[in-house]
Amino acid sequence: MNITKSIGMNGIVRLLTRNWGRRTVIGIPYGFLILFFSVPFLVVLKISVSSTDELGIHFQDLISYADGIFQLKIKLSNYIFLTTDPLYIETYWSSVKFAAINTFICFLIGYPFAYFMARSPASMRPALLMMVSLPFWTSYLLRVYAWKGLLDDNGVINNILIWLHVIHDPIKMMHTGFSMTIGMVYTYVPFMILPVYATLVKMDLRLLEAAKDLGATPWKAFWLVTVPLSKNGIVAGSMLVFIPSLGEYVIPELLGGPSTLMIGRVLWDEFFSNNDWAMASAVAVSMVVLILVPLAIFNKYRADSGGVRGI
Amino acid sequence: MADSVANSTGRGDSSQFLKIDRLSKHFDEVAAVDNVSLDIKKGEIFALLGSSGCGKSTLLRMLAGFEMPSSGNMYLDGEDIAKMPPYERPINMMFQSYALFPHLTVWENVAFGLKRDRMPKDQIAERVEAMLGIVKLKPFAKRKPHQLSGGQQQRVALARCLAKRPKLLLLDEPLGALDRKLREETQFELVNIIKSVGVTCAMVTHDQEEAMIMADRIAVMQEGRFLQVGHPREIYETPSCLFVAGFIGDVNLFNGTVEVDEPDHVIIGSPECRHFVNHGITGTIDMQVNIALRPEKICLQEIEPTIEQRESAAEHGYNSARGTIDGIAYFGKFTQFHVRLESGKIIKASRENTARHEETQLERGQQIYAWWDGSDVVVLTN
C-alpha cells in the first residue's frame, strides 16, 4: 500500500516537473510576446480612446476616481472620424485592394512554381527549395532598394531600352502602382510558394493514377484531386501574403507613388508628421481588426477541415 | 499488323478475353517484363505471383496504362489497348493502399468514375447505391475515407473500381494492407463479389497463399518472365522448376542421380536414400536432377516402414531414411518436425493434428523413420 502510494507520489511529482518544463518552453516566447506585443498594443488601444488634457499634450487616464465616483471615459471620436473621413476609407480600401492584387499575382506565379517544384525529381528539390529561400539571405530593405535602381527613369531598364532604341524617353515606372506591385510580389512570392509546395509534395501521386484510372483526363485529375488537396496550402499561403502586405510600409514608401494610399504610410504620417497620436492609434487598431477578419475565416476553415488527415 | 492480330483474335473469343502478346518493358536497358505472352479467359481470376522486383507490378501497370510497353501488344476483348491512355481503357484498378480520395466521401469516391463518363445523375445514384450494397457499406456513404477501418476502405476501393463495370479488374496486392485475420475472411468475400459480378480479374500478389486461395490460375514470375502458368494445384503439386517449388509452400529438396530410367518408373540415388519414382521422366541415366518433396507428404514413424505401407516402392529401402527429430514446431492445425537424416541433411515433415491428443507423441532426439510414397516425389530435371 505504502509502496503504491509512493509510486503515485513520484508519478505526480514527475508529472508536475514535466509540465513545468513544458510550461517554461511555451512560456518564454509567450512572455516575450505579451511584453513586447500585447502590452504595447494595449497602450496603443488606450491612447486611441483617451481624451487629452486642456493643452492637448497629456493623455488622461481612462478610469478616474474622484469624490467617491468611478469614472470611465472613452473617447470614440477618433473611430467615428475614421469611418466618416473619405481619406481613411479610401486608404483602407486601397490597402485591401493592393494586398488582394498582390496575393492573387503571388498565387498565379507561386502555384505553378510550387507545383513543378514538387513534381521535379526528388534529388533536385532541395536545390530548388534553396533557391526560393535564397533571397532571405539579403535584407529585404536592400532588395526593395535594388528595384529602385532597376525601375528609375534613369534606371537599368530604361537605360537599356533607350540604348536599344526601343524608346526615346524613359517610361515612368518608378513611384507608381506598377513599381509598388512589382516590389510587393517580388517580396512575398516565396511566402506563397513554400506552403503550397509543402502540401503538394506530401500528396500521394497514386491518387492521380486512381483518378486517371477512373476516367479523368490529366487536366480533370489535376482539377478534381490536386487542387482540392492543395487547398490548405493555398489558404495558408494567401494569408501569409495578404496579412503582411495589408500593413506594408516600406515597399509603398520606397517604390509607391505619392498617390498610392496604404494604411502603413497613413499611420506613419499620423504619428510622425501630424503628431496626432490618438488618431494614429485608432488607425492602427482598425488595421489589426481588419486583419483579424481574414484570420478568423482562415481559422474557421482550418477547424472545418481539421479532420482531414494526410493532407 | 496490329489489326490483323486483333481480327484473328476475334471479339468475343472468351478464352482469349485478354491477350498479352510478347510484351516487354525496359527501364534503362533492364527488362522489368521480358517478352511475356499470356491469355486470360473471360471471367477468370488470374494471379501474377512473385517476389518484389519480379516485374508483376510493372505488368499490371502496363495493363492499367500507367506504363507504356517497350514492345509487344495487348488486346482486351479483341481491342488493341496498348496505346490507349489509362482514362480511356475499360479497365479499373484497385490500388495497393487503395488510393481513396481523402477529400471525398465514400459516396463521392464511388461516383467519381461514373461522373467522368457523364452518366445521368439518377443513374449514378442508382449505381453507387447498388455498389455500396454489394460491399455492405451503405450506412457509411457520407463518411470520409479516414473515418473507416482498413477493411472498410478496402471495400470502398473495390466498389469504386467495380462501379464502372470494367471489362478487366486489376487488383494490386488487394489484401496486403489488412491484418492476417481480416485477410483470411476478406479473401473469400472478395472472390465471391468478383465472381458474382462476373468481371475478369488480374491480380498481383507476393503472397502465395493469397494467390492459391483466390485465383483460378497463377503465373509465377521471376526476373520479368513466367516460370510456370497453371492452376494452383498444378503449381503446388507439379512445380516446373526449383524456384517455383521453393516459392510455393515448403519443400524438401534432394540432389540425385538417375540410376534406372524405365517408362513406368525411375530410380534416383541421393546421399540420403534411393528414390523410387513411379512415373517416367524425360532424362538419361546419370543425369543430375533435383527431387522435391512436400513436408506433408512425409510420414514419420518409430518402426521401419513395411512394404505393405509403401505400396509403390518395389523393394525395401526405397523412399525411406532414418533420422533423429531435431526440432518440433507446433502450429495448431499441424505440427512440423525437423528431422536430421543420417547423412546430416535436415528435412521438414509435417503432420496434421486431426485428434486433440496424439497417441504416439514424437519427441525431440527420438530416432525415427521418414518415408514417403513414390507418387508424391517431384523430379525437377532443369
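**Chain contacts and layout**

User: How many residues of chain B are in contact with chain A?
Analyst: 19 residues of chain B are in contact with 19 residues of chain A. Contact means that the C-beta atoms, placed from the backbone, lie within 7 Å.

User: What kind of model is this?
Analyst: This is a predicted model, where local features need pLDDT of at least 70, side-chain atom pairs count only at pLDDT 80 or more, and totals for chains, interfaces and linings use all residues. Residues are numbered from 1 along each chain as its sequence is written, while chains are lettered from A and ligands numbered from 1 in the order in which they are written.

User: Back to the contact with chain A. Which elements of chain B supply at least two residues each?
Analyst: Strand E6 (91-94) and helix H3 (106-116) of chain B do. The largest share comes from H3(B), with 3 residues. Helices (H or I, at least four residues) and strands (E, at least two) are DSSP runs, numbered from the N terminus.

User: And by class?
Analyst: The side of chain B that touches chain A has 10 nonpolar, 5 polar and 4 charged residues. Ala, Val, Leu, Ile, Met, Phe, Trp, Tyr, Cys and Pro count as nonpolar, Asp, Glu, Lys and Arg as charged, and the others, Gly among them, as polar.

User: How many helices and strands are in chain B?
Analyst: Chain B has 9 helices and 20 strands. Its C-alpha atoms fill a box of roughly 75 × 55 × 35 Å along the principal axes.

User: Which domains is chain B divided into?
Analyst: Domain 1 (2-244) and domain 2 (251-380). The bounds come from an automatic or database domain assignment. Taken over C-alpha atoms, the centres of the two domains of chain B are 40 Å apart.

User: How many residues of domain 1 of chain B are in contact with domain 2?
Analyst: 4 residues of domain 1 of chain B are in contact with 4 of domain 2. The domain 1 side divides into 3 nonpolar, 1 polar and no charged.

User: New topic: sheets. What order do the 6 strands of the open sheet in chain B take?
Analyst: The order is E6-E7-E8-E3-E9-E10 (chain B), with mixed pairing. Two strands pair if DSSP finds at least two bridges between them. The edge strands, E6 and E10 (225-230) of chain B, each pair on one side only.

User: How do E7 and E8 of chain B run, parallel or antiparallel?
Analyst: Parallel: 5 bridges join E7 (residues 168-172) to E8 (residues 200-205) of chain B. Leu169(B) has Cys201(B) as its bridge partner in E8(B).

Note on methods:
Two residues are in contact if their C-beta atoms, placed from the backbone, lie within 7 Å.
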